[in-house]
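I opened my notebook beside the model and wrote down what I looked up. My entries follow in order.

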Amino acid sequence: MIHVRVRPEQIESNWLTKAQSVTDKLKACTDDPDDIPEAQRRTAHQKRKEIIKNNQELWTELKSKLLSWSHNKCWYSELRDEGSDLHVDHFRPKGGVTNPGEPEREGYWWLAFDWTNYRIAVSWCNSPHKNEQGLSKGKHDQFPLKPGSHVALTPDAPTHEEEPYLLDPTDESDVAYITFDEQGLPVSTVPSGWQSERVDRTRDILHLDAPQMVEARKRVWRECEHIAAAADRLIQAPSNRYNSDYKREIEARFKELCGRTSPTAELSTVARAFLEKCQYGWARKLLYRAIEQSTSA
């Protein structure tokens with residue numbers, strides 16, 4: 001998972017105006033009165049569902065903008081999926097919330113056209129499917145909250161008081177709790193407690209341990225290992241062999257490793273995790289350079 005810095009100033013005012021207009025229509029929906037024939041009577045929920053369906057092109061209009069914020073990568077997995085259409089996921093589900101073992105409840109319909117509720121997701125993370133063991137995976141309409149958490153059920157209820165299990169890629173603190181190991185698996189940066197539970201639940205819901213993702217991360221890790229090992233052999237060359245060519249070669253390897261951690265690189269968080277855990281002390285120091293370069297870019 002990567003931290004995605006949102007850029008409110010890039011959301012055009014005409015889009016905001018259209019989104020607000022549709023949201024006002026959603027808020028105005030009420031159940032039809034009893035004097036309307038039952039067969040023709042519609043609930044506020046049914047009306048809102050139709051309005052959302054008829055205006056879904058609004059969030060599609062923002063898709064390219066949202067993708068640019070993550071350098072065309074999934075905000076959850078940091079993968080590029082050129083073979084399929086990445087989704088604009090509603091972090092808080094718009095239609096209904098369906099969590100295993102819990103009663104279904106109405107979704108956060110008032111956030112259907114709120115751009116701050118949008119996340120870019122590959123279908124593997126977002127769409128419901130079964131894994132090799134037949135277990136349900138994919139976020140879809142799931143949004144589990146910590147037991148006893150405040151639940152925002154109306155537009156006036158504060159969502160910031162909710163305590164969701166899902167880590168949010170737009171929250172820099174959330175992203176700090178998850179990293180990856182040499183086996184390509186997502187792991188918690190904290191040994192226990194609530195934040196560790198959130199990492200485990202996020203991994204399961206988003207299927208971040210899918211074999212395809214794991215293999216892609218392992219590949220990046222191995223490539224970084226190869227580059228680092230080549231650099232270390234040059235660094236430890238005896239003085240009677242070391243020359244300016246060696247220095248240029250070492251710097252080239254350093255630049256390559258830093259490039260792998262760039263926000264524009266696929267699975268850059270895996271490359272950073274490698275440097276953090278690398279056996280070579282100089283490689284761990286190199287991470288500081290990589291961070292400075294990405295910050296100034």
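Predicted model: local features only at pLDDT ≥ 70, side-chain atom pairs only at ≥ 80, totals over all residues.

Next I looked up which residues meet. On the H8 side I found Val220, Glu223, Cys224 and Ile227, among others. The H8 list also includes Ala228, Ala230, Ala231, Leu234 and Ile235. From H9, the residues they meet include Tyr246, Glu249, Ile250 and Arg253. Phe254, Glu256, Leu257 and Arg260 are also on the H9 list.

**Entry: the core.** I then turned to the largest nonpolar core, which has 80 residues. Phe113, Tyr118 and Trp282 have the most contacts inside the core.

I picked Phe113 and listed its contacts, leaving aside neighbours within four places in sequence. Among them are Trp15, Ala19, Val22, Thr23 and Leu26. I also wrote down Ile51, Ile52, Asn55, Leu58 and Trp59. Tyr118 is on the list too.

**Entry: a strand.** Tyr118 took me to strand E4 (residues 118-121). Side chains in a regular strand alternate between the two faces of the sheet. I checked both faces of E4, and both are covered. Tyr118 and Ile120 are buried on one side, and Arg119 and Ala121 are buried on the other.

What does E4 pair with? I found strand E1 (residues 87-90), joined to E4 by four bridges. The two strands run antiparallel.

**Entry: two positive phi values.** Most residues other than glycine have a negative phi. Asn72 has a positive phi of about 65° and is not a glycine. Glu78 is not a glycine either, and its phi is also positive, at about 65°. Where is Asn72 found? Asn72 is in the loop between helix H4 (63-69) and E1. Glu78 lies in the loop between H4 and E1 as well.

Last, I checked accessibility. Asn72 has a relative accessible area of 46%, so Asn72 is partly exposed. Glu78 is at 0% relative accessibility, so Glu78 counts as buried.

Notes. Residues numbered from 1 in each chain as written. Heavy atoms only, no water. Buried < 20%, exposed > 50% of the residue type's maximum accessible area, 1.4 Å probe, protein only. Pairing = 2+ DSSP bridges. Core = buried A, V, L, I, M, F, W, Y, C linked by side-chain atoms within 4.5 Å. Contact = heavy atoms within 4.5 Å.
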